[in-house]
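Reader: Could you take me on a close look at the salt bridges in this model, and at how exposed or buried their partners are? I would enjoy one connected walk through them.

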Amino acid sequence: VEYPTAIAVDASYVYVAGVHEETVAGICSDMVWHIEKRLKSSLAIVWSQTINPRQTNVVSPCVGGLGIGTDVIWSIAVDQDYVYVGGQEQWVRSIFESWPSAWRLEKRNKSDGALALPPQVIHSDPNTFYAAKITSLATDNANLYVAGILGDYSTLFEKRHNSDLGLIWSASRSAMHPFARRGIAYHGSELYLIYPTGNLYDGTGSVEKVLDLNGSIVWSVPLALGMNNVITTNFVDAGVYIATAPDFVTGSDIQWKMQKYNKLNGSLEWTRFSNPSVGYDWPNAAILNNDGLYVAGMDSVPGNWQW
């Protein structure tokens, strides 16, 4: 298993994060973090880092050949000097027990990818099926904004200092959806959030505008969400852009759905669909610039999953 899950850019470089699979003892699969910095001009690699958060902490490192753990980066953000990566670390205790997981947040130097601070491993939950994870990051060069899932499947949003990753405020939202990605985007003095409001099967969710200062809600509107949900905004226009894959858009043919919401009042301005295959298709990342909205993900042509 090798696949990218997040991307960020600055003036000269592209930063890509994802999953790398290692084999342990010849039979066990261990999914670990992988980060690359590449030149924009040629996409040549400047540096790469592969991180295995949980291998040395596993009680039984090979449980029936199932594997050691599923450590996944779900988001990456950059400021002037640093790279921030967030995701999950997860470990297997026994085939008959739950698979615990925790949020993992790292700050790394842009120059060489080395850690700038010790990793933060937080919101660990020992009793759920790898639910706890960071799913989205955003930064304003002074603060880091974090969205993720807790072990009880609820949603947590946080504002942290870029300097030491210290917590400034947090806000929670209730839900019973263990997998749907929560999203966060920054613009000016405001944040835009997406998260599920229901359970695994009903596909309900919300998009919200909240104040950066304290997380108080400015407006909130309902929307249909799927398993993968990403949100992006910038200073190009007055839009909040969301890409998702709502379940069963047309029967079992799950498609990409892109939407634009108005930043001022949350009104829906347009919806577009893309259907790369007749199977399960979902977006993994979205970014906006002066030319348009760029969305990357996968299609699941039966027997041949691909970018």
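Author: Happy to! A residue is called buried when its relative accessible area is under 20%, exposed when that area is over 50%, and partly exposed in between (1.4 Å probe, protein chains only). By that rule K159 is buried, because its relative accessible area is 8%. D212 counts as buried too, with a relative accessible area of 12%. The side chains of K159 and D212 meet in a salt bridge, 3.1 Å from N to O; the term stands for a side-chain nitrogen of Lys or Arg within 4 Å of a carboxyl oxygen of Asp or Glu. This pair links distant parts of the chain, 53 residues apart: K159 lies in strand β12 (residues 155–161), and D212 in the loop between β16 (204–211) and β17 (217–224). Strands here are DSSP runs of E with at least two residues, and helices are runs of H or I with at least four, numbered from the N terminus.

This is a predicted model, in which local features need pLDDT of at least 70 and side-chain atom pairs count only at pLDDT 80 or more, while totals for chains, interfaces and linings use all residues. Residues are numbered from 1 along each chain as its sequence is written, and side-chain values use heavy atoms, leaving out hydrogens and water.

Ten salt bridges are present in the structure. In another of them, K110 pairs with D10, with 2.9 Å between the closest N and O atoms. K110, at 10% relative accessibility, is buried. R104 and E89 are both buried, and their salt bridge brings the closest N and O atoms to 2.8 Å.
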